[in-house]
Amino acid sequence: MKPLSYVQVRTAREAIEAFVAAGESARYIAGGTNLYDLMKLGIEKPAHLIDIADLDGANRIDTDGDRLFFGGAALMADVAEHPVVRDDYPVLAESLSKAASQQLRNMATVGGNLLQRTRCPYFRNGADGTYPCNKREPGSGCAAIGGIDRSQAVLGASAACNAVSPGDWPVALMAMDAAVELQGLDGTRVIPISELYRPPSRTPHLEFTIGREEIVTGISVPKTAAGRNSTYLKVRDRESYAFALVSAAVALEMDGDRVRQAHVALGGVATVPWRGRPAEAVLRGETLDRGRALEAARAAFAEARAGRHNAFKIELGARTLADAIINAGSRNQ
Amino acid sequence: MPDPQDRQPFDLTRRQVLETGTIASLTGAMLPTAGLAQQAGPQPSPENGMTVHLSFRVNGRPTALDIDARASLLDLLRERLGLVGAKKGCDHGQCGACTVHMDNRRVASCLTMAAKADGRDVTTIEGIARANGLHPMQQAFIDHDALQCGYCTPGQIMAAIACVKEGHASTPEQIKEYMSGNICRCGAYVGIVAAIEQAAPQIERS
Ligand SMILES: Cc1cc2nc3c(=O)[nH]c(=O)nc-3n(C[C@H](O)[C@H](O)[C@H](O)COP(=O)(O)OP(=O)(O)OC[C@H]3O[C@@H](n4cnc5c(N)ncnc54)[C@H](O)[C@@H]3O)c2cc1C
Ligand code: SF4
Ligand code: FES
Ligand code: FES
């Protein structure tokens, strides 16, 4: 790790000014559970760190208005255990409580979580030059395509990169039509979470659409009764404390026992948090049974493409999504 | 023999003070206690990066020093403050051996930049025994043979105390889920869960 300067700031304005003054090699740090880790691996090499974990009010959680609001620096542990989130939006709470460990959830922020980088083993382990990686070294090639690709994506991959988008929380937020609030040099703006992520295409090193100096000041979720009929189902290599092999976020708007509108998103299988629109279309207006749920789930994977070792994710993903649809439906009172 | 003029109170030589890493100004409550002065830990390497000033409390003791801005809290505790209870298992947040409490919450000290501890309260395994003996969680680990080699144990105990205080120790299933951030290579898990069940009623929830 190269020597670096470190400052703590109290307002977003101060942070942005410090960032711009520091120039190219500046980075924001929040919990540091991803950035500092990648610095130790020689993948991230900032010379100036601006700590935004303690911005005034940035850990605010507000469930009073017509949207749930989570400040960018709210801790994963605190959002997961907030009573309104836990009781009325289980998909959000479960996506957080099933991520990482309690130690890490006490450090990591819900804003930083959106911007964490892939766990692709070739990305993380090859910074000494052992493995080419277009995300780490643009234009160097991709060791995962045609390599040990068990963990890699079956949806949204390009010829340059098939790395999985690792976060659980962004998948749940995708299903709930969340919005991301950003503050930059020219003031604030709000974007749907679906617009935060770039597909890898030919430039897998460009992962997010936000400006380098922009700060995630908050995340908001429209309040909906579908929140109660929701679930986040995560399948891992071990029962806890592992990234998803496949995961499904489902929330159902119901009319009696019929689905008015389903909200479906997938994790562990795609290069970006993945909205399962084809599954939503199959479920619209239908009653729920295992057959229908599986039909919807298979529709979500219709365009999936396997590599050498990850074909199992297509079947596992469909069955996991079908289970999640049934679980969400069973929460409907 | 050093010149007696060079001697500090409590027989701490100036050289030792330098070695322990400028433990604040040696005044009042900031006097190093025996624990710190006796340390025979690793020699602190000179801080050759850019430094930041850090002023925090470790196990209740106010501590102030300049640190390399890159340092992890784990390395600061082990290499400069001689508190080697917290262990380095993976250095990447994946094993829990480095677990300590910061402002009463458990964190992985390997992924906590030391600079973030400024103004905070850090508690390590060295700081939990009570005046009249072991902490109930320490005793429970002994009672249930909740360890074999012991490498993961300081992290397990710190995580376990927090697990109880958080209210996440009401069933064995919940204990397993909320202790999953601590890996035990020796597989002492059964004893660990039993120890936490024993100690839980003796520890207040926060
Ligand atoms: C062992 C381990 C297991 C894990 N398991 C899981 C898991 O199962 N599921 C899961 O979802 N995650 C998991 N994680 C990842 C963890 O959740 C993320 O590292 C964490 O959420 C990132 O948040 P942070 O605040 O620590 O971000 P940081 O590491 O501080 O920052 C991450 C990135 O975001 C930028 N950034 C941070 N905050 C902001 C902001 N407000 N505005 C603009 N930019 C910002 C930083 O510049 C950096 O580029 C795991 C991590 C570890 C180490
Ligand atoms: S899949 Fe993407 S991140 Fe992984 S090695 Fe290929 S280019 Fe790098
Ligand atoms: S050493 Fe910190 S989690 Fe392994
Ligand atoms: S006792 Fe050996 S690693 Fe846990």
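Lys40(A) forms a salt bridge with Asp91(B), and the closest N and O atoms of the two are 2.8 Å apart. A salt bridge here is a side-chain nitrogen of Lys or Arg within 4 Å of a carboxyl oxygen of Asp or Glu. This is a predicted model, where local features need pLDDT of at least 70 and side-chain atom pairs count only at pLDDT 80 or more, while totals for chains, interfaces and linings use all residues. Residues are numbered from 1 along each chain as its sequence is written, chains are lettered from A and ligands numbered from 1 in the order in which they are written, and side-chain values use heavy atoms, with hydrogens and water left out.

**Where the two chains meet**

- On the chain B side, 34 residues are in contact with 37 residues of chain A, contact being heavy atoms within 4.5 Å.
- Between them, chain B and chain A bury about 2800 Å², and 51% of that is on carbon and sulfur atoms. Buried area is the accessible area (1.4 Å probe) that two parts lose on being put together, summed over both.
- Strand S4 (105-108), helix H5 (153-166) and helix H6 (172-178) of chain B are the elements that give two or more residues to the side touching chain A. Helices (H or I, at least four residues) and strands (E, at least two) are DSSP runs, numbered from the N terminus.
- S4(B) gives the most to that side of chain B, with four residues.
- Sorted by class, the side of chain B that touches chain A has 14 nonpolar, 12 polar and eight charged residues. Ala, Val, Leu, Ile, Met, Phe, Trp, Tyr, Cys and Pro count as nonpolar, Asp, Glu, Lys and Arg as charged, and the others, Gly among them, as polar.

**Ligand 1**

- Ligand 1 lies between chains A and B.
- Of the 32 residues around ligand 1, Arg27(A), Tyr28(A), Gly32(A), Thr33(A) and Thr109(A) come nearest; a residue is near if one of its heavy atoms lies within 4 Å of the molecule or strand in question.
- Backbone N or O atoms reach oxygen atoms of ligand 1 from Ala30(A) at 2.8 Å, from Gly32(A) at 2.7 Å and from Asn34(A) at 2.8 Å.

**Salt bridges**

- Over all chains, the structure holds 33 salt bridges.
- Side chains of opposite charge can pair when their charged atoms come close.
- Glu17(A) pairs with Arg13(A), with the closest N and O atoms 3.5 Å apart. Both lie in helix H1 of chain A, four residues apart, about one turn of the helix.
- Glu17(A) is partly exposed at 47% relative accessible area, and Arg13(A) is partly exposed at 37%. Buried means under 20% relative accessible area, exposed over 50%, and partly exposed in between (1.4 Å probe, protein chains only).
- Back to the opening pair: Lys40(A) lies in helix H2 (residues 35-40) of chain A and Asp91(B) in the loop between H3 and strand S3 (99-102) of chain B, so the pair joins two chains.
- Lys40(A) is partly exposed at 22%, whereas Asp91(B) is buried at 17%.
- In chain B, Arg70(B) forms a salt bridge with Asp68(B), the closest N and O atoms being 2.7 Å apart. Arg70(B) counts as buried at 15% relative accessibility, and Asp68(B) counts as buried at 9%.

**Covered helices**

- Helix H5 (residues 90-97) of chain A is mostly covered, with seven of its eight residues buried.
- Helix H3 (residues 73-80) of chain B is mostly covered too, with six of its eight residues buried.

Terms used
Polar contact = N/O pair within 3.5 Å; in protein donor to acceptor, adjacent residues only side chain to side chain.
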